[in-house]
Amino acid sequence: MFFLLDQPTTEEFENLARRYREMEVPSVKAAVTLLKTGSDVLTGFEQMLKGYGLSQGRFLILMVMNRKPRTSTTPSILARKIGVTRATMTGLIEGMVKEGLIRRYSNEKDRRKQNLKLTDKGIFLLERVLPDYWSRIFNLMGGLSEREKKDLIRLLGKVAANITELTRENENGKS
């Protein structure tokens, strides 16, 4: 994955808008700022998680499984919930099983299927990580008032509602 490290200046945005009539500067500036902020937040959490021997993918698996820590799930459900392919999920699961963070066992009804369960070791790791994780989120959002946090959630929800615009087919029939 690539991250946006350099944000255009106001002058550069305005120069682009003169070249591309479809470009509306406030919308593009807002989107680029959102992308840059998202990149920076992901990078920061990757660094933090690395200190615990975790990647973002492994952490997300643990977090999803921790919603119901004593309940089993399947690789396909996890893949769907964290937005990765089954092949990617298989690789993540292999490492986590070897480390004892999750346990894999056959489905009683269909031996071809696998079930996964969070182990005590996986839960213990989360118990170490999460206080630090929650504290960093609190500090990240600390400059916002309660009203601003609610506004941010509302505004990001409005942006998220239009994400399908990014993948819709263009006039030539290509996505």
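**Legends to the views of the predicted chain**

**View 1. The helices and strands of the chain.** The chain holds eight helices and two strands, where helices (H or I, at least four residues) and strands (E, at least two) are DSSP runs numbered from the N terminus. From one end of the sequence to the other, these elements follow the pattern α-α-α-α-α-β-β-α-α-α. The radius of gyration, taken over C-alpha atoms, is 21 Å for the chain, well over the 16 Å that the globule rule gives for 175 residues, so the chain is more spread out than a compact globule; that rule is 2.2 Å times the number of residues to the power 0.38. This is a predicted model, in which local features need pLDDT of at least 70 and side-chain atom pairs count only at pLDDT 80 or more, while totals for chains, interfaces and linings use all residues. Residues are numbered from 1 along each chain as its sequence is written, and side-chain values use heavy atoms, with hydrogens and water left out.

**View 2. The extent and burial of the chain.** The C-alpha trace spans about 65 × 45 × 25 Å along its principal axes. Of the 175 residues, 25% count as buried, meaning under 20% relative accessible area with a 1.4 Å probe and protein chains only. Among contacts (heavy atoms within 4.5 Å) between residues at least 6 apart in sequence, 52% join residues at least 24 apart.

**View 3. Helices that line the largest pocket.** Residues of the lining have an atom within 4 Å of a point of the pocket, which is an open set on a 1 Å grid, where a 1.4 Å probe fits, with protein on both sides within 12 Å along at least five of seven lines. α2 (25-50), α7 (146-160) and α8 (164-167) each supply at least two residues of this lining, and α2 gives the most, with nine residues.

How values were computed: Buried means under 20% relative accessible area, exposed over 50%, partly exposed in between (1.4 Å probe, protein chains only).
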